[in-house]
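Thanks for asking me to look this one over. Here are my notes, in the order I would read them with the model open beside you.

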Amino acid sequence: MEISTLTMYHCLAFVWYFFVIYSITCLRTEEQPSEVFLYGGQWKYLTVLNLVLQAVFYGVSFLADVLRLIKKLRCAKCIISSRDLLFSVLAFPVSTFVSISFWTLYTYNRELVYPKSLDGIIPLWLNHAMHIAILPVALLEILATPHRYPAKKKGLILLGCAAFLYISWVLWIYFVTGEWIYPLFASFSPAGLGAFFIGNLAIIVCFYNFGEFLNRMIWGDSIVILDYKQKGK
C-alpha cells in the first residue's frame, strides 16, 4: 500500500476508534444499571480497554506514516518499532480474542457477558463497533503493511504480563465490590476460575501465533521495518 494511502487509512482508523470511545463515555449514566457500571466504570471491561488500545495503536501508526512522509526517517524507525511491537503483542491478539470470545459466549447465553438490560443503553451500532468491526480492521492492518514480530519468548512474556495485569484488575474489583465484572465468573469455583483464566490465556496465545503466521504468510520471512531508499512508499 502506498504510504499516502496508508497514512489516510491509519488516520481514519484512529478517528473511528476515538469516536467509538467518545460515544461510550457519552452514554447516559442515569440510565446505566448499577450492577453493570459499578467500581471502575466502563474501564474494567476488556472490550473498552481494547478500544483504547486500538486507538493508541492507530495513533502511533499514523504518526509513523507522517514521519515517513516528511522524511524524518530516524524518528520513523523508532516509532515503527514501537508500532510493530504494539500490534503483534497486544492489538491483534486482544482484538481477535475480544471479538471471538464475546460472540461465542453471547450465542451460548448472552446474560453471561452482555445482559439484555444493556440493549436500552448501548445502541446496536455501538455494540457491533465494539465487538465485530474490531476483527476485520485488525485483519486489514495485516494486509495493509508488514509488521516485524519480536522474538517468540519476548512476545509471549509481554503478552503474559498484560494478561496478568488485567486479571489482577478483575480480581481487585471483585475484592473491593464483591461483584464480578462478568456474571459468567460467578458460576466458577476458585479452582475453576483459575482454570478458566489459564484456558483463555492459552487461547489468546494461539491468536498471537495466528497473527504471526498470517503476517509471515502474506509478507514472507524477510520482513523489513522500512525501506528508506524507496520514495513515497
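1. A word on burial before we start: a residue counts as buried when its relative accessible area is under 20%. Please also keep in mind that this is a predicted model.

2. Let's apply that cut-off to phenylalanine 102, which is found in helix H3. Is phenylalanine 102 buried or exposed? Its relative accessible area is 7%, and because that is under 20%, phenylalanine 102 is buried. Setting aside residues up to four places away in sequence, phenylalanine 102 touches Phe97, Val113, Tyr114, Asn127 and His131.

3. Now step back to the whole chain. The protein chain has 7 helices and 0 strands, so from the N terminus on, its elements read α-α-α-α-α-α-α. Of its 233 residues, 42% are buried. The accessible surface comes to about 12,300 Å², and carbon and sulfur atoms account for 71% of that.

4. Phenylalanine 102 leads on to the packing of H3 with H4. Helix H3 covers residues 73-109 and helix H4 residues 124-131; their axes are 8 Å apart and the angle is about 125°. The two helices are therefore oblique to each other. On the H3 side the contact is made by Val98, Ser99, Phe102 and Trp103, and on the H4 side by Asn127, His128, Met130 and His131. By class, this contact has 4 nonpolar, 4 polar and no charged residues.

5. H3 has another partner in helix H7 (residues 190-219): the axes come within 9 Å and cross at roughly 120°. H3 is therefore oblique to H7, and the crossing is right-handed. From H3, Ser88, Val89, Phe92, Pro93, Val94, Thr96, Phe97 and Ile100 take part, and they meet Asn200, Ile203, Ile204, Phe207, Tyr208, Phe210, Gly211 and Leu214 in H7. The residues of this contact divide into 12 nonpolar, 4 polar and no charged.

6. What about H2 and H5? Helix H2 (residues 46-69) and helix H5 (residues 134-144) have axes that come within 12 Å and cross at roughly 25°. That angle makes H2 roughly parallel to H5, and H2 passes H5 in a left-handed crossing. Asn50, Leu51, Phe57 and Tyr58 of H2 meet Ile134, Val137, Ala138 and Glu141 of H5. This contact has 6 nonpolar residues, 1 polar and 1 charged.

7. Finally, have a look at valine 170, placed in helix H6 (residues 152-177). With a relative accessibility of 2%, valine 170 counts as buried. Which residues is valine 170 in contact with, leaving aside its neighbours within four places in sequence? They are Trp180, Ile181 and Phe185. Along the chain, valine 170 and leucine 46 are 124 residues apart, while their C-alpha atoms are separated by 9.7 Å.

Conventions. Residues are numbered from 1 along each chain as its sequence is written. This is a predicted model: local features need pLDDT of at least 70, side-chain atom pairs count only at pLDDT 80 or more; totals for chains, interfaces and linings use all residues. Side-chain values use heavy atoms; hydrogens and water are left out. Axes are lines fitted to C-alpha atoms, for helices over the stretch in contact, and angles run from 0 to 180 degrees between N-to-C directions. Helices (H or I, at least four residues) and strands (E, at least two) are DSSP runs, numbered from the N terminus. Angles under 35 degrees count as roughly parallel, over 145 as roughly antiparallel, 65 to 115 as roughly perpendicular and the rest as oblique. Contact means heavy atoms within 4.5 Å. Ala, Val, Leu, Ile, Met, Phe, Trp, Tyr, Cys and Pro count as nonpolar, Asp, Glu, Lys and Arg as charged, and the others, Gly among them, as polar. Buried means under 20% relative accessible area, exposed over 50%, partly exposed in between (1.4 Å probe, protein chains only). Accessible areas come from the Shrake-Rupley method with a 1.4 Å probe; for residues, only the protein chains shown count as cover. A crossing is left-handed if the near helix is turned anticlockwise from the far one by less than a right angle, and right-handed if clockwise.
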